[in-house]
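Visitor: I have not seen this structure before. Could you take me through it?

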Amino acid sequence: MAKCIQVASFENGELKRDFSGGKSREVTLALPLSRFLVKVLRIPAADDVNEVAASRLSDITPFPDEPLTVTVEKVCEDETSQVVIAAALPESAAEDVATCLDEEKLSVVSVDALVFGELRAIWGKINSSGRKLLVFKSPECLSLIVLNGDMPCAIHSAALGSDIRRDITLSLLEAEDFCGSAELEEVVLVERSISSPVSEEEKIDPLNEAVSSLGVPVKRIEVDFDDAIRCIAERSEEVGTLNALPESWRDVLKETRFKAKLLRFIVIACSIWLFVLTVLIGVPFVFDYLTGYQKNLCARHSKAYRAVSDKRAKVKLVRKYSDHSLGALEIMKAVSDRLPEGIVLSSWGFNRDEGLEIAGDSDSSSSAYQLKDVLSEMATGDDEDGERVFESVRLGPLNKHKDGRQKFDLKCLFKEAE
């Protein structure tokens with residue numbers, strides 16, 4: 001059973017709910033003893049407890065044609081027998097309760113007698129020895145419990161206004177038959193604590209006269225209703241306590257729980273389906289949006305890049321034509337300053353973007369090769385000025401003229417052709 005379950009009590013047609021355990025739709029129901037069939041049984045250890053209890057309660061039920069759902073709570077046991085409290089809630093005796101529960105849309109998980117919660121609440125205030133009669137007053141009935149030491153030996157309910165002397169006598173006779181003859185030592189009257197004192201006219205005179213006529217001390221104890229409800233909640237969480245939930249109510253509880261689980265499953269399934277549908281529809285939409293955003297961003301970047309690139313090209317062009325270090329005159333001067341002896345140049349071709357083409361003749365082939373080396377040094381930056389002028393220098397084939405001079409041509413490139 002779930003912990004901290006809500007407890008609901010029903011008396012005099014009024015349903016009260018305790019919200020200390022939360023606002024769950026599943027409740028433990030506490031009813032007056034008059035709603036139950038209750039009997040204390042001593043059953044041999046070899047017998048089936050549930051079978052014997054069902055048989056004994058079937059003999060005393062006022063609804064013989066109605067099947068009973070019998071529950072037992074073990075009180076004590078020895079090697080030969082065990083004492084149990086057998087209880088059942090006839091559905092015919094709880095029709096008004098069922099109607100009220102349906103109106104409140106509550107599901108009952110267990111049913112207990114309110115008097116057992118009150119008994120637990122005052123247990124520390126009563127003497128645990130001797131035979132005692134406990135009388136619990138409630139708005140719907142009087143609950144009579146005879147204790148032999150700490151073991152109940154008779155449990156009865158008496159209607160308000162009935163012959164209380166007769167009911168007390170029957171309870172004492174049943175206790176004597178169950179546990180043997182013993183003197184009644186005390187009567188305990190248990191009343192619920194209220195905010196204002198009870199007047200003499202409000203006291204139940206027949207009850208006072210009946211207990212006074214027994215000739216034993218009478219002890220009065222007040223029990224807090226909230227404490228009784230708390231004890232009912234504690235009992236509902238324990239294993240082996242009474243649970244007089246009728247079989248049809250159990251079926252309704254199972255059906256209600258199944259519907260609740262089905263509803264949760266449907267909600268979860270719909271949530272998952274909605275999530276998947278959102279992903280299927282939303283992801284392409286978001287992807288298209290992000291794609292368009294990136295395209296627009298790239299277009300803006302491309303436009304900015306082209307603007308910067310054009311500006312850089314213009315700046316390079318201006319710098320190129322503003323820089324006369326590699327101009328035709330500067331190159332001509334540099335080459336002329338480095339011409340070896342015996343070389344005469346016959347043609348000169350200069351292109352600022354490509355390089356220099358020269359032709360000439362020399363008195364010997366060594367002079368032509370020397371000129372190539374000089375220009376190559378300019379290309380590799382090994383000349384004395386440390387300038388890098390040409391990327392490559394190529395010397396064409398040498399042709400010897402009739403006068404003995406060597407004709408040559410040189411091609412000096414600013415950048416190596418791809």
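Predicted model: local features only at pLDDT ≥ 70, side-chain atom pairs only at ≥ 80, totals over all residues.

Visitor: Which residues of α1 are buried?

Guide: Helix α1 spans residues 49-60, and its buried residues are Val-49, Ala-53 and Leu-57. They cover an arc of only 50° around the axis, so they sit on the same side of α1.

Visitor: Why would residues spaced like that point the same way?

Guide: An α-helix has 3.6 residues a turn, so residues three or four places apart point the same way.

Visitor: What do the buried residues of α1 pack against?

Guide: They pack against β4 (37-44), β5 (70-77) and β6 (81-88). On the other side of α1, Glu-51 and Asp-59 are exposed.

Visitor: How many residues does α4 have?

Guide: Helix α4 (residues 164-179) has 16 residues. From first C-alpha to last, α4 reaches 22 Å, close to the 22 Å expected at 1.5 Å a residue.

Visitor: And which of its residues are buried?

Guide: In α4 the buried residues are Ile-164, Asp-167, Ile-168, Ser-171, Glu-174, Ala-175 and Phe-178. Seen down the axis, these fall within an arc of 125°, so they line one face of the helix. The face turned away from that buried side carries the exposed residues Leu-173 and Asp-177.

Visitor: What follows α4?

Guide: Gly-180 does, and its phi is positive, near 90°.

Visitor: Changing topic, how many salt bridges are there in the whole structure?

Guide: A search finds 20. One of them joins the side chains of Asp-96 and Arg-35, at 2.9 Å from N to O. Asp-96 lies in helix α2 and Arg-35 in the loop between β3 and β4, so the pair ties together parts that are 61 residues apart in sequence.

Visitor: Is Arg-35 buried or exposed?

Guide: Arg-35 is buried, with a relative accessible area of 11%, whereas Asp-96 is partly exposed at 36%.

Visitor: What about Glu-118 and Arg-192?

Guide: Their side chains also meet in a salt bridge, 3.0 Å from N to O. Glu-118 is in helix α3 and Arg-192 in strand β11, so this pair ties together parts that are 74 residues apart in sequence. Both residues are buried.

Visitor: Which residues are linked in a network of salt bridges?

Guide: Arg-120, Asp-227, Arg-230, Glu-234 and Glu-238 are.

Visitor: Last topic: which residues make the nonpolar surface patch?

Guide: The patch covers about 1100 Å², and its residues include Trp-273, Phe-275 and Leu-280. Leu-280 lies in helix α7 (residues 247-322) and is exposed, with a relative accessible area of 59%.

Technical notes:
Residues numbered from 1 in each chain as written. Heavy atoms only, no water. Helix = DSSP H or I, 4+ residues; strand = E, 2+ residues; numbered from the N terminus. Expected span 1.5 Å × (residues − 1). Buried < 20%, exposed > 50% of the residue type's maximum accessible area, 1.4 Å probe, protein only. Arc of directions from axis to C-beta. Patch = residues over 30% accessible without salt bridge, like charges linked within 9 Å, V, L, I, M, F, W, Y side chains within 5 Å. Areas by Shrake-Rupley, 256 points an atom, 1.4 Å probe, with all protein chains shown as cover. Salt bridge = Lys/Arg side-chain N within 4 Å of Asp/Glu carboxyl O. Contact = heavy atoms within 4.5 Å.
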